[in-house]
Amino acid sequence: MKMTRHCFSALLAWILVSFMPGILRAEKTAAQLLPASTIFFAEIEDPRELADTLVEHPVVEKLLELDAYQQFLGSPEFERFKRILGSAEEQLDSTWPEILTDLAEGGISVAFDLNTQGGALLAEARDAESLARLRDTFLKLAANGQQDGIKQGEYRGVTAYEFNEQVKFVTIENWLIVVTESKLGAAILDRYLDSEQDLHETLAATDTFQSARRTLKGTETAWAYLGLQPIRLVGGLAALSTAARENMLVELLIGGIVDAAARADYVTAMVRLDEQALEVSMALPCDDSSLTEGREYFFGPGGQGQAPPMLKVDDTILSLSTYRDVAQMWLRAPDLFTADVNDALAEADSNLTTFFAGRDFGEDILGSLEPQLQLVVARQRFDSQRPIPTIKLPSFAVVAQMRDPEVMTPELRRIAISMIGFFNVVGAMEGQPQMDIEMEKLGQAQLVTATFLPDPNQQPSQVKIQYNFSPTAVFHDRLFIISSTRSLGEQLLAASRKQGQQDDANLAMRLSFPALEKTLADNRQQLIVQNVLEDGATQEEAAQSVDVLLSLFELVQSLDLDLARQDGHIQLRAILSYE
Amino acid sequence: MDIMQVDPEWGWAPYRPSPETPWNRQAAAHLYRRAGFGATAVELDEAVAGSPGELARQLVFGRPEPDTFRQLMRGMVDSMIATGDASRLAAAWLYRMLQTPDQLQEKITLFWHGHFATSAEKVQDPIMMQQQNDLLRNNATGSFQEMVQSISSDPAMLIYLDSASNRKIHPNENFSRELMELFCLGEGHYSEEDIRELARCFTGWEVKNRRFRFNRYQHDFGSKTVLGKTARFTGEQAVEQVLEQPSAARFIAARLVNYLLFDEPVVPALLVEPLAAQLRADDFQLGPTLQRILSSNLFHSPFSRQRKIRSPVELMVGMLRTLEMTVNVNELATGIQEIGQGLFFPPNVNGWEGGRSWINSSTLLGRANLVYRVLADEKTRFAGGSLEEYLAGHQVSTLAQAVDWFVDHLLAIDLAPGRREEISGTIDSSQPDSYRQLLHTLATLPEFQIC
Amino acid sequence: MKTTRRTFLARSAAATSVFSFSSSVPCFLQQAGLLADETGQQRVLVVIQLSGGNDGLNTVIPYKQTEYRSLRPTLAIGADQVLRIDDELGLHPSLAGFHKLLENGQLAIVQGTGYPNPNRSHFESMDIWHTCKRKTEQRREGWLGRYAGSQRTGAGDMGSAPGSQMPAIHLGQEEQPLALASEQVRVPSIHSLDQFRLQGSTPESVRASVESLVRKKQAGADGLLDFVASSTRSALAASKQVEQSTRNLSSGTPYPSTRLAEKLHIVASLLDSPLETRIYYVTIDGFDTHGQQAGAHASLLRQLDGAVSAFFEDIQARGQSNRVLMMCFSEFGRRLKENASKGTDHGAAAPMFLLGDSVKPGIHGALPSLTDLDQGDLKHHTDFRQVYATVLEKWMQTAGQPLLGAGFPALPLLRA
């Protein structure tokens with residue numbers, strides 16, 4: 001284990017060196033050293049803390065025990081990497097975690113500058129001496145490997161080294177500055193050496209960066225900034241907006257974000273890692289004036305659209321709660337989507353109108369519901385009195401509010417009944433089991449439920465997948481629930497009576513891993529059979545790999561995602577929580 | 001020599017190894033390929049150490065599936081049925097063909113599936129399709145008489161041939177026609193009048209809740225004249241009457257010989273007769289006749305060796321069993337269906353025609369591509385390891401040795417002199433997948449399609 | 001261009017009244033020599049099935065008739081919108097490509113096709129179109145399946161060309177249409193061109209080595225091996241052609257990105273290969289427009305139009321157009337009167353389309369009366385089997401009667 005952890009630290013060191021960023025505690029910060037034309041900037045303020053968190057992290061500990069990681073440790077690539085690291089450790093008489101924290105104790109940052117088309121890495125070491133020692137050892141090692149050694153040059157009295165065409169660096173006091181373009185290196189050194197900042201505009205001084213900087217909360221492990229203006233100029237956001245125009249689901253999920261990005265000056269992202277959770281979030285500036293009419297369906301009038309409070313039921317796997325005026329989107333489709341999508345919608349409209357017995361799907365059906373929608377997926381508990389399906393699916397439901405319950409309740413009830421009839425007719429032609437319809441009152445609420453009739457000759461081990469369903473419509477005042485099972489419909493009805501807390505998100509989603517794991521475990525036998533068939537495994541091997549899969553879900557608790565408007569920004573946040 | 005001139009007595013007499021027809025690995029591989037799908041190198045070693053007659057007996061009677069394997073199959077079939085999709089059953093059946101110790105049982109069950117062809121395209125319900133499959137398996141080497149009785153009241157068959165709507169006032173002749181033409185007698189051994197009369201015997205045979213039900217109100221209890229005999233036949237008695245025709249035993253014997261020995265031509269009548277006589281003497285018990293066919297002189301003669309075109313199932317299951325491969329069986333089932341043999345979905349009531357009809361441009365390319373896909377799939381294993389490891393375990397370490405090994409184990413026809421070298425010459429041995437390229441090339445050769 | 005248009009208008013005017021069936025000499029007998037054109041390539045039939053019941057009245061539109069306008073208050077397409085064929089009829093505005101093909105003399109429209117006692121169930125009516133038989137008859141084979149079976153060479157015919165093994169191909173993921181069912185041959189269903197491409201990490205070298213190995217005929221090889229060897233040669237040659245023709249194609253005619261266009265694109269590529277397949281069959285589904293028909297129908301016809309136009313442009317560029325005849329049909333038309341959901345319900349008679357260089361362009365037969373209806377639907381005056389007979393006899397040069405039954409004389413829809 002000790003050895004494993006050591007290797008892991010080395011791996012972490014490698015990642016930090018290769019990819020990551022910092023900030024400066026000295027008089028000047030990295031952002032003050034970078035030119036105003038910098039469009040990308042990312043930093044890790046306290047690499048040592050990050051390294052400590054990672055090394056001690058409970059999830060990391062479990063991951064290290066996985067076979068896949070152990071295999072990686074044994075791979076020839078990693079062996080080679082370890083040898084190189086080892087020889088450097090010898091030379092420096094230190095360990096890599098030490099070396100790296102020495103190198104970047106004051107923070108590390110990376111940036112990309114538009115004018116020079118150059119990338120930069122700035123690291124602030126603990127002190128000038130240890131940095132110099134590191135540099136010299138590196139130069140010595142590099143000289144061994146390279147025939148013509150490392151070229152040296154000078155800029156304003158500072159020695160610059162050219163490792164190769166793409167990588168040049170200088171050390172100055174306790175700063176390590178690595179760049180891909182000499183011009184960028186010169187620009188950074190100018191800002192370092194000149195005391196009068198106004199001679200050289202800096203990233204830190206630009207309005208957009210300052211505004212972006214206000215999204216900082218101080219708890220970030222890493223933070224990044226991307227200027228959108230120049231990217232828009234080169235068409236960098238076109239792919240996103242095309243994806244939304246070509247796919248209705250993409251539009252429904254991120255259409256509003258894509259729209260806001262088309263007007264925003266920048267986007268920021270942050271990562272926060274601690275022992276309880278990993279949080280990743282992204283923010284785009286967006287005030288009321290930049291909301292467009294076309295995305296009113298997305299953000300609501302005046303941008304005030306709020307997701308309904310999440311309803312909680314036992315073993316909820318997924319709940320998704322959102323404000324989306326789908327009827328409005330349906331009507332605005334010609335503006336939002338490509339001609340192909342609109343053609344597909346026209347065909348769907350024709351079929352749906354037939355299906356809904358002549359009611360216009362967009363206006364009459366979607367339009368009869370409030371824009372606050374909720375989707376709930378939950379593990380299913382089966383009634384032992386009824387056939388229990390061999391393949392056990394979760395149940396799912398959509399929860400909505402009717403605009404005009406007096407008109408819509410009988411209308412939707414009638415549609416529900418004719419749909420069940422329709423499924424029965426189609427099912428009968430294909431020899432599928434038939435449904436029985438029941439209507440009943442539950443307090444003030446009314447339920448329309450269809451249940452599949454038991455098949456007298458069915459063997460308990462061959463119960464068809466249909467028995468996962470008992471389609472149910474629930475009507476209660478304005479509440480309308482359409483659920484794949486009666487049980488979930490009832491639970492949601494009960495949950496709706498306890499008003500949950502309203503948060504001000506536009507969209508909120510929660511994925512719960514223990515419930516998902518339980519659902520998969522319900523189907524363990526089926527998963528094993530599939531594994532035997534798909535992987536050619538023996539039954540024992542298959543059982544083992546299914547159990548490993550299930551154990552992976554034990555590492556994490558939940559994934560929360562929300563989209564909200566806050567402090568003049570649209571913020572999209574994902575939080576992965578572990579126990 | 002012409003098959004027409006073969007002396008039946010010599011033909012069906014037990015084969016005794018001789019210098020001209022030695023009992024060697026090729027002969028043992030032939031027996032395995034025809035009686036089942038294929039043999040591993042170890043199975044061939046064991047085979048040549050024993051006698052051909054004993055091996056044939058073992059293949060027919062001596063390798064029952066252990067209970068644990070049956071349970072595994074039951075569970076697998078159940079979870080395929082639970083999906084409600086009959087096409088999923090094919091994967092479970094292929095898995096059984098690949099893993100069962102009783103190869104012959106599956107080979108003969110496949111024969112009956114083509115013989116009593118019933119398609120899920122029409123039946124739809126996976127439970128009934130699997131019930132029929134179990135019926136065919138349980139009777140595969142048992143009594144043909146019982147098989148025909150059972151299949152006549154099999155719900156999937158009743159639905160497929162519209163017997164389920166066979167009513168007294170409007171008899172449906174579909175099943176009675178096929179019972180005589182395709183299942184028991186063959187064309188020319190009955191009249192149109194026999195069909196009409198026979199159909200009356202099966203009136204009122206219905207399907208209710210996936211079970212056979214006799215509806216006495218729809219059954220015609222009157223007197224019928226079937227194949228020269230007049231009586232108040234019930235359906236069961238009518239089946240007996242059909243099977244009492246002299247052509248019944250001949251028809252089945254001839255079908256089996258064409259399935260096990262050669263695609264072409266149709267077996268000459270003289271050769272059929274001794275087998276038909278045995279079938280009758282054995283009360284239509286199939287096992288002894290199968291054993292006799294598989295241990296006969298004719299089976300080991302040039303009239304049988306290299307005389308069949310591999311069906312898609314034989315092609316793939318044969319290769320996979322020979323090389324002890326494990327693969328993604330779901331994709332294998334789809335692949336086999338694409339090249340013309342969708343299990344549980346025979347093309348029509350005739351079943352698969354077999355022989356040359358397996359072959360056309362699209363199926364030949366499909367065969368080569370399916371072999372390639374299976375070889376390229378990273379899930380594919382050879383006795384649990386890589387192809388290289390597997391070959392190394394058989395002392396194969398060069399391309400030239402690999403050509404020899406593959407040809408000896410997988411091909412029924414040897415390549416012409418000099419061509420083994422030529423093939424290994426076309427492959428770049430420095431490529432990491434050179435053995436797989438070699439196998440792909442071999443599988444694309446015409447010789448690979450013959451067994 | 002102008003002259004062509006005027007010519008066909010004149011011709012179609014002459015044909016508008018009633019057909020004359022006087023010259024139904026079995027010309028397939030005389031024309032045996034025409035089976036293949038000068039290059040030795042055989043004629044091909046491409047069938048497009050419009051599943052769900054295409055609304056014939058909104059495809060070939062009687063835009064002036066008052067019944068049409070009054071019974072279709074929301075769905076009627078006006079004189080200012082139709083693509084005019086003549087003073088009575090116009091094409092749906094989505095069919096610009098069809099309109100152009102008509103002007104080029106490549107489109108024949110056969111009005112009022114159907115069959116006696118029309119059945120209004122999708123399944124039953126489609127089965128009738130596929131098998132040419134009613135439910136009471138044995139229906140195991142389709143009309144094209146019977147054709148394919150009749151083309152099969154005997155089992156003893158060694159080394160036969162691949163075309164004799166694959167007389168028909170169905171393209172698509174859906175279940176194979178009953179029209180192609182045959183007890184004699186297995187008609188392959190293809191859903192991607194990859195099925196005609198030799199795959200592999202080094203397909204070229206596999207092909208080359210297999211080709212060189214197959215070419216060496218084995219002394220004393222028996223019939224089966226010879227047969228498989230010659231089939232393998234054909235298959236490899238076909239795969240090579242398909243490979244080349246698709247490689248050239250990427251820079252060729254652009255096709256719309258619809259599924260129907262993809263399928264016709266494959267057909268065009270296969271026409272260029274040495275496959276001697278005579279029939280290609282594709283379907284496009286969704287024509288069952290009971291509600292909100294206008295948008296859906298326009299979209300479907302646009303897909304049809306785009307795919308067919310690209311296909312004809314493509315085969316023209318490939319020099320293959322003179323050996324292709326295309327036929328479009330649907331299992332029934334739709335009711336004259338629109339329903340309350342702005343859609344139309346299952347109907348009866350409707351037009352069929354024949355496309356190709358050898359059609360007699362224009363309208364054939366009169367539009368059935370909009371006042372003399374059968375349960376609200378148009379009455380047919382031309383049996384669809386007569387159109388089939390025309391295709392079989394005049395194009396495929398095979399007798400129609402054994403495949404379709406007696407009593408369906410061919411129509412003068414094709415040149416020569």
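**A helix pair in chain A**

Reply: Happy to! In this predicted model, helix H21 of chain A passes helix H22 of chain A in a right-handed crossing. To find the pair, look for residues 524–535, which form H21(A), and residues 539–553, which form H22(A). The axes of these two helices come within 8 Å and cross at roughly 120°.

H21(A) brings Arg524(A), Leu527(A), Ile528(A), Asn531(A) and Val532(A) to the contact. Facing them from H22(A) are Gln539(A), Ala542(A), Ala543(A), Ser545(A) and Val546(A). Sorted by class, this contact holds six nonpolar, three polar and one charged residues.

Chain A has 22 helices and 20 strands, and its C-alpha trace spans about 90 × 60 × 40 Å along the principal axes. Of the 579 residues in chain A, 36% are buried.

Helices also take part in a contact elsewhere, between chain B and chain C. That contact takes 35 residues from chain B and 36 residues from chain C. On the chain B side, helix H20 (361–376), helix H23 (419–426) and helix H24 (434–444) each supply at least two residues. H20(B) gives the most, with eight residues. By class, the side of chain B that touches chain C has 13 nonpolar, 15 polar and seven charged residues.

Methods
Residues are numbered from 1 along each chain as its sequence is written. Chains are lettered from A and ligands numbered from 1 in the order in which they are written. This is a predicted model: local features need pLDDT of at least 70, side-chain atom pairs count only at pLDDT 80 or more; totals for chains, interfaces and linings use all residues. Helices (H or I, at least four residues) and strands (E, at least two) are DSSP runs, numbered from the N terminus. A residue is buried if 20 or more other C-beta atoms lie within 10 Å of its own, exposed if 12 or fewer, and partly exposed in between; C-beta atoms are placed from the backbone. Two residues are in contact if their C-beta atoms, placed from the backbone, lie within 7 Å. Ala, Val, Leu, Ile, Met, Phe, Trp, Tyr, Cys and Pro count as nonpolar, Asp, Glu, Lys and Arg as charged, and the others, Gly among them, as polar. Axes are lines fitted to C-alpha atoms, for helices over the stretch in contact, and angles run from 0 to 180 degrees between N-to-C directions. A crossing is left-handed if the near helix is turned anticlockwise from the far one by less than a right angle, and right-handed if clockwise.
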